[in-house]
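Below is a short report on the structure shown next. It moves from sheets to helices, then to chain contacts and backbone details.

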Amino acid sequence: MNKKPLEGIKVLDFCWVAVGPMTTRYLAEYGATVIRVESGKRPETLRRAAPFKDGISGINRSGYFASYNPNKYGITIDMSHARAKELVLRLVSWANLVTENFTPGTMERWGLGYEDLQAINPAIVMYSTSMLGRGGPMERQPGFGPVLSSLAGLTHITGWPDRDPVNPYGAYTDFIGPRFAVASILAALDYQRRTGKGLHLDMSQLETSLHFTAPFILDCSVNGREQGRKGNRDPGAAPHGAYPCRGEDRWIAIACQTDQEWQALLELISPVDWDEDRSQQASTLVGRKTVEEDLDKMIADWTVDQDPQELMRTLQDAGVPAGVVNDCRDLFQDPQLTHREHFKYLDHAEIGPYPSDQSEFDLSKTPGSLDTPAPLLGEHTEYALKELVGLSEDEYRSFEDDGVLE
Amino acid sequence: MSNGDGAQELLLSPYRVLDLTGQGGLLCGKILADLGADVIQVEPPGGSAARNIGPFYQDDVHPEKSLFWWSYAANKRSITLNLETADGRDLLKRLVKSAHFLIESFPPGYMDGLSLGYTGLEAINPELVMVSITPFGSDGPYARWKAPDIVGMALGGFMYLTGDSDRPPLRVSIPHFHLHGAAAGAAGAMIAHTHRAITGEGQHVDVSCQQAVAKTLAHAPQSWDLEGVILKRMGVFRQTSGDSIIRTCWPCKDGYINYVLQGGSSGVAASTRTLLAWMDEEDMGDEFLNDVNWEELGYGQVRSEIMEKGVAPLIRFFATHTRQELVAASVERRILLFPVATQQDILDHPQLKARDYFQQLHHPELDTTVNYPGLFVKDRHGERMSLRRRPPLIGEHNREIYQDELGLTLEQVTILKESGAI
């Protein structure tokens, strides 16, 4: 069997909550050795976040935390302890990469700023990500994905034009960052390998996320136009929307970008009260745009009694782009996601079997895999420090006896 | 500007990328280009169809003025090449010999049909990393299906969770389906590159945009699996678990802000206390909210009872302040509150200005300078990645690549042009 592609990369991981742990999950999935540092006294946010197995909370029972942290070693260090820095620097001399997503200034306060790390390990790559980036008047502004999505302009362009804006679901910007982060980190490690030099990467989640709305920002910048929320409308397609189906809160998305797609849809619907005039008007995209609301109504009348899965297959077979609006139960039964083995079940000591999302790309020769469940709090403190980092029994005991390991 | 003198200075300077993607994959090459790679956009003669996507510079509907294209093609060079001709395929194969990456977003099977699938390209350059970005991945029951943005955002599970509960599910009003997949392509490309750099072995990276979207759903899939709860869309609220919802968007005096009323660690409880104290200062405090034990609540663990009683006092308070007042106070007092920003707000944002985020690129063909969204990552001294080229004109670098580099004669290039190969 081929080695995993990132074997040999050693990561000292201070990341917490979503964006950071999602980033290091990719690294761990593809073979990097990731030692995740946690606080035992102040367990990280996601350890206390639902869902919990059977709804019963517990520090090791969060499915949220568990999904982002498979394949990682978990250790606990009391960062407020006088000897914490000594231990961390020991880990830094072991690592190729240090990752963190604290409020800027936190690592420096512990005496663990980039210069401190470089003094121990000149080639170290450090990856820091924060809401708004390092430096500037708002570097310490607290935040997290759900609110940052609004500053990134995404809330403003999500919703119905006649209603309040809504957030794109979840901590949306947290899920934009990690792919940019993995590319950047591995580019920096490539540079490290080629030149022997280290680097401190500084990623502002805001600045990264703006690449997901760049055309609108340019439009404002060069044309002075403000783009707002448009419901499900799209300038290049009609009809274009989500239509009701049989069952409770069941929907199907349908979009016609070409005349052929529209004609195929129309043939399937075969509306009885469809006269020559309307047919003529709807034969072009420009025409369909002028009667889009009528089309929506006609399509909804047609879809409302149909099974969404069957309808999707019928439409796709006829060449009409269509997709079921999958809810989270559907995702586990979706034939394509199942084919791609999107969810990998891992057996966790306290949760039992739970799903984590595998990476959305397959590597043909060196695939990744999620193999071990997220660590229990402090599960690998002794193993990682002694077996991976190489602390002697005496050194380890000394840190333990002094209470550095919580 | 060329990579000439500073060739080794950027993170990915030594590497060349052939970018054959259309609308659905441009961001992947852009990410590698910003990190320093030499990215050559390979366009069909006449230009990429992505150049037809609006809005347009000065509203002039023209393939050299698409702001969508500008957003995701800056930093790249452009050549034209017709894959449907034998000459075009021959040129591509010659370029593949010295390339490190090839990215494409054609429907599955298209490249294989031209003998340019991974097997064909591997025979030419075993070190090549080939990245395919498609809606569903290269095989499986949906692989050949059509998936424009809204279909992909639906099947990825995003739409069900976004929008008002009494209306149809929603997408974002700008396409994101392929962007998620394209960004994932850059991550996958660099993982494969790491293996290649050490072993000399290339491979194929097969990206599914549907999976990329499914990975944006936070803990919603786990909520179904572990608690049997299907999370729903709730408009300005967000359902965080079976019995817990939090409000995110709020109207204020002159627009909207985003504030998440909740407790738990990571400074959230402190932020909530600070806001409640501010309300007290202005005689708008609320006893019920003050009595909630925010410190003991877990992240996203706000029972609906708290929301029911807590929303009205906050709405009253926010309504007495402008967006600017609320944002300024949130910075001063450290409250987790951000504006629902418009594009102009973003262009004017003090933090982005302080970090020199927006960068000017000169467009000599338009005799103007354009303010572009800048780098998605920086290094401490801002030296190892860069925004350095305005987006290329159609085939702008044909001469550089075909004549100067591949050594074709003017006569040969003319034949290729006249025959429609380039």
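In chain B, three strands make an open antiparallel sheet in the order β7-β8-β9. Strands here are DSSP runs of E with at least two residues, helices are runs of H or I with at least four, and both are numbered from the N terminus. Two strands pair if DSSP finds at least two bridges between them. The edges of the sheet are β7 (233–234) and β9 (244–247) of chain B; each has a single partner strand, so one side of each lacks a neighbour in the sheet. β7(B) runs antiparallel to β8 (residues 237–241) of chain B, and two bridges join them. Within that pair, B:Met234 faces B:Phe237 of β8(B).

This is a predicted model, in which local features need pLDDT of at least 70, side-chain atom pairs count only at pLDDT 80 or more, and totals for chains, interfaces and linings use all residues. Residues are numbered from 1 along each chain as its sequence is written, and chains are lettered from A and ligands numbered from 1 in the order in which they are written.

**Chain A overall**

Chain A has 18 helices and 12 strands. Its C-alpha atoms fill a box of roughly 90 × 50 × 40 Å along the principal axes. Of the 406 residues in chain A, 57% are buried. A residue is buried if 20 or more other C-beta atoms lie within 10 Å of its own, exposed if 12 or fewer, and partly exposed in between, with C-beta atoms placed from the backbone. Two residues are in contact if their C-beta atoms, placed from the backbone, lie within 7 Å. Among chain A contacts between residues at least 6 apart in sequence, 70% join residues at least 24 apart.

**A hairpin in chain A**

β7(A) pairs with β8 (residues 251–255) of chain A in the antiparallel sense, over five bridges. A:His240 has A:Ala255 in β8(A) as its bridge partner. Six residues lie between the strands of this hairpin, and A:Gly247 there takes a positive phi near 105°. Why is β7(A) described as largely enclosed by the rest of the structure? Four of its five residues are buried.

**Helix packing in chain A**

Helix α1 (residues 19–29) of chain A packs on helix α7 (residues 172–195) of chain A at about 40°, with the axes 8 Å apart. Axes are lines fitted to C-alpha atoms, for helices over the stretch in contact, and angles run from 0 to 180 degrees between N-to-C directions. The angle makes α1(A) oblique to α7(A). Angles under 35 degrees count as roughly parallel, over 145 as roughly antiparallel, 65 to 115 as roughly perpendicular and the rest as oblique. From α1(A), A:Val19, A:Met22, A:Thr23 and A:Tyr26 take part; among their partners in α7(A) are A:Phe175, A:Ala181 and A:Val182. By class, this contact of α1(A) with α7(A) has seven nonpolar, two polar and one charged residues. Ala, Val, Leu, Ile, Met, Phe, Trp, Tyr, Cys and Pro count as nonpolar, Asp, Glu, Lys and Arg as charged, and the others, Gly among them, as polar.

**Where the chains meet**

How many residues of chain B are in contact with chain A? There are 135, and they touch 131 residues of chain A. On the chain B side, helix α7 (residues 177–199) gives the most, with 14 residues. That side has 73 nonpolar, 45 polar and 17 charged residues. A:Leu201 stands opposite B:Asp379 in β15(B).

**Backbone details**

A:Pro51 sits in the loop between β2 (33–38) and α2 (63–68) of chain A. A:Pro239 sits in the loop between α9 (214–223) and β7 (240–244) of chain A.

In chain B, B:Ala218 is a non-glycine residue with a positive phi, near 55°. B:Ala218 lies in the loop between α8 (209–214) and α9 (220–227) of chain B. Is B:Ala218 buried or exposed? B:Ala218 counts as buried, because 27 C-beta neighbours lie inside 10 Å. B:Asp356 also has a positive phi near 55°. Its place is the loop between α15 (350–354) and β13 (359–363) of chain B. B:Asp356 is partly exposed, with 13 other C-beta atoms within 10 Å.
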